Amino acid sequence: MVVSRRGASAKAPRTKFESSFDARIVVGDCVAEMSKLPSGSVDLVFADPPYNLQLKGDLKRPDESHVDAVNNDWDKFSSFAAYDDFTRAWLLACRRIMKPSATLWVIGSYHNIFRVGAIMQDLGFWVLNDIVWRKTNPMPNFRGRRFTNAHETMIWAARDEKAKGYTFNYEALKAANEDVQARSDWLIPLCTGDERLKGEDGKKVHPTQKPEGLLARVLLSSSKPGDLVIDPFNGTGTTGAVAKRLGRRYIGFERDRTYAAAAEARIAAVEPLPDATLAPFMTAREAPRVAFSELIERGMISPGTRLVDSRKRHGALVRADGAIMLGDKVGSIHRIGAVAQGSGACNGWTFWHIETNKGLRLIDELRAEIRSEMAAL
Ligand SMILES: C[S@@+](CC[C@H](N)C(=O)[O-])C[C@H]1O[C@@H](n2cnc3c(N)ncnc32)[C@H](O)[C@@H]1O
């Protein structure tokens, strides 16, 4: 969710992104299919390419039981050179369709991420960060011959060095992180439980389904509602499911029909979050000022209305001039809110409510409506 922070507000988007929402999965080779999209049309790429794990034979635990590892044909390449050619081809296809301000994320493990990173730089991408996704519940190293492989790396890059205006929702991330700058190490569990897609046989539909929490952080940090997000390696559609929930448009590319069908059903079941929870974050300083009297002028609150706090312990009368009255005290919504609480200061917007037939409504919500109208002008 887009965060709200003490003293901050959310700016409504200029476009109605819910109605413009669409999610599409294209079945086919991503390089061939991406070449059909217009150049400079995509806002964000998230790519979870084959890892090229180079697994030889069956992986077993010390008790000889089988380990459910990635051993699929889509992860097999004849050599590093073949993997590099493939990497170059899909990265170039992405780069062509990215807007100049777009950014690209690639997730990988030690098997592939260094090769991918070097190729990205060779092609002109400009690395902004590498994010370490630290897994709370990694698979152990069964043979005890190496460290537990407990993380994956995501490279986040701009289309080129001089790229300007890429999206980074710095303030919202900071507000969501106890007002501390968001860091490049993310602690998130693997995808398990109900979130993990299973077939009728109870087996995982896909061996490398990513957690939605990871994708939510990616999309919330580097895209805006209404943006076009693509994923060249759609798999089970994790990126698409999160994109839809967060009001982003989405195109996923997937070669395997079974995965594509599972992803389609998954995404269809997702409900987008309400617009108000997704509106881009603004600090209080950036938000346009709205006076309480404007709520009266616009007929949203009538003089004579009783404002109450959330527990209805205090009731103040709205005057025609936009001040409010509590007993014999008259003043602003903030001043009278402070008087009611016996405190030195109060944000009246988040203290006072009006009573409606559907329950209490915070006056800050009415202010947000005015701000949305202002933003749409
Ligand atoms: C690592 S998985 C992605 C998993 C996905 N992130 C998820 O959460 O389910 C890579 C996917 O890319 C697909 N794939 C591999 N090569 C492809 C290609 N050239 N074009 C389209 N899809 C491809 C594979 O079938 C596989 O489902």
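By class, the shell of residues around the ligand holds 10 nonpolar, eight polar and five charged members. Here Ala, Val, Leu, Ile, Met, Phe, Trp, Tyr, Cys and Pro count as nonpolar, Asp, Glu, Lys and Arg as charged, and the others, Gly among them, as polar. Please keep in mind that this is a predicted model, in which local features need pLDDT of at least 70 and side-chain atom pairs count only at pLDDT 80 or more, while totals for chains, interfaces and linings use all residues. Residues are numbered from 1 along each chain as its sequence is written, and side-chain values use heavy atoms, with hydrogens and water left out.

**The ligand site**

In total, 23 residues surround the ligand (one heavy atom within 4 Å is enough to be near). The closest are D29, D48, T236, T238 and E254.

| Ligand atom | Side chain with the N or O atom | Distance |
|---|---|---|
| nitrogen | D29 | 2.8 Å |
| oxygen | H206 | 2.8 Å |
| oxygen | E254 | 2.6 Å |

Taken alone, the ligand exposes 600 Å², and the protein buries 99% of that (accessible areas by the Shrake-Rupley method with a 1.4 Å probe).

**The chain as a whole**

The protein chain has 11 helices and 16 strands. These are DSSP runs numbered from the N terminus: helices are H or I with at least four residues, strands E with at least two. Of its 377 residues, 45% count as buried, meaning under 20% relative accessible area, whereas exposed means over 50% (1.4 Å probe, protein chains only). The chain exposes about 19500 Å², with carbon and sulfur atoms supplying 50% of it. Among contacts (heavy atoms within 4.5 Å) with a separation of 6 or more, 69% join residues 24 or more positions apart.

Helix 3 spans residues 113–123, and its buried residues are I113, V116, G117, I119, M120 and L123. They lie on the same side of the helix because they cover an arc of only 165° around the axis, taken from the directions from the helix axis to the C-beta atoms. On the other side, F114, Q121 and D122 are exposed. The cover over the buried residues includes helix 2 (80–97), strand 4 (98–108) and strand 6 (151–158). After helix 3 comes G124, with a positive phi near 105°.

Helix 10 (residues 333–341) has I333, I336, G337, A338 and A340 buried. Just after helix 10, G342 also has a positive phi, about 65°.

Key:
Polar contact = N/O pair within 3.5 Å; in protein donor to acceptor, adjacent residues only side chain to side chain.
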